[in-house]
Amino acid sequence: MEALLSIFAICKKEFKIALRYPTWFIPMIIWPIGIPLGYIFTGVALAGTDANSLNQFQSVAGTTDFVTFILIGTTIWMVINSMLWSFGSRLRVEQVRGTLESNWLCPVPKIAIQIGLALFDLINNLIFIAISLIEFKMFFNFKFVGSPSLALLVFLLSIPSIYGIGFIFSSLVLWAKDIHSMVFLVRGIVTVFCGITYPLAVLPKWMRSISQVIPMTHSINALRSIIAAGANFQDISYELKFLTVAGIILMTLGLLTFSYTQNRAKATGSLGHY
């Protein structure tokens, strides 16, 4: 019960800070339109007026709706990017503010602090996705062909993988201190290997092999199949199984990494090191 109260207290604290500085809401309105537009305009420009380009895209992507293809990929990328910058770096932010040590002295499980931060970030991302869907419909005539409930299932199964990486990332940040280079590295890997704006079929074989072990690849593939092509449960059964197993593994690794970092910080007294 104590841990649960701590989780909600941390989440409530983050919302109070966010509402005190509400300009954070402006990017949530701009990003869903601004980021995909660059890729969409580039695709239109490179395709030209020849219909063969669209036929070639369909042969490797399985759909002619390249706009929806890009929207889904960039949305997942933005969720990952948000998680890395917010939840992944939250302990470092607390350290810079000078509040990390005092929080760590509280007689509550330290994992509750992280779960509270993850809960706030998850709610924040759900709000962002809701805004994105509304704007996609308004500006891109976005059409949801498949089952929304199945798409929600894919998203829920993706959460343990995403936040498992976040637990690992936030723990490592306490060691490395600087977060920027690590964020750029991780999101760069996701951008290149997960097919954010292009079909994986255009990648070399060795790159496709790497992409298949990254959970975000399967999240994007499953969501594209559902939303753009109307895939059913059976069609994406492999992706669902992969996300389930990957979520268990990455969340376990994340919790173990956090526990090790916590014990190491106690042993070395490095928690307050800037």
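**Exercise 1. Find the glycine that sits just after H5 and give its phi, then say which H5 residues are buried.**

Step 1. Go to the end of H5 and step just past it: Gly98 is there, with a positive phi of about 90 degrees. Helices here are DSSP runs (H or I, at least four residues), and strands are too (E, at least two), numbered from the N terminus. This is a predicted model, where local features need pLDDT of at least 70 and side-chain atom pairs count only at pLDDT 80 or more, while totals for chains, interfaces and linings use all residues. Residues are numbered from 1 along each chain as its sequence is written, and side-chain values use heavy atoms, with hydrogens and water left out.

Step 2. Now look back into H5, where Arg90, Leu91, Arg92, Glu94 and Gln95 are buried. Buried means under 20% relative accessible area, exposed over 50%, and partly exposed in between (1.4 Å probe, protein chains only).

**Exercise 2. Work out where Asn141 lies and what stands out about its phi.**

Step 1. Check the backbone: phi of Asn141 is near 55 degrees, positive in a residue other than glycine. As background, most residues other than glycine have a negative phi.

Step 2. Is Asn141 buried or partly exposed? Its relative accessibility is 47%, so it counts as partly exposed.

**Exercise 3. Describe the largest pocket: volume, lining and contributing helices.**

Step 1. Start with volume, which is about 550 Å³. A pocket is an open set of points on a 1 Å grid over the protein atoms alone, where a 1.4 Å probe fits, with protein on both sides within 12 Å along at least five of seven lines; lining residues have an atom within 4 Å of a point. Volume is the space filled by probe spheres set on the points, which are joined across faces, edges and corners.

Step 2. Count the lining: 23 residues, with Trp24, Ser86, Arg90, Phe120 and Asn124 nearest the centre.

Step 3. Two or more lining residues come from each of H1 (2-20), H2 (25-47), H4 (66-85), H5 (90-97) and H7 (110-140). H7 gives the most, with five.

Step 4. Sort by type: 13 nonpolar, six polar and four charged. Ala, Val, Leu, Ile, Met, Phe, Trp, Tyr, Cys and Pro count as nonpolar, Asp, Glu, Lys and Arg as charged, and the others, Gly among them, as polar.

**Exercise 4. Characterise how H4 packs against helix H11 (residues 215-229).**

Step 1. Get the geometry: the axes come within 10 Å and cross at roughly 145 degrees. Axes are lines fitted to C-alpha atoms, for helices over the stretch in contact, with angles running from 0 to 180 degrees between N-to-C directions.

Step 2. Pick out the residues: H4 uses Thr68, Phe69, Ile72, Gly73, Ile76 and Ile80, and H11 uses Met216, Ile220, Leu223, Arg224, Ile227 and Ala228.

Step 3. By type, that contact divides into nine nonpolar, two polar and one charged.

Methods
Contact means heavy atoms within 4.5 Å.
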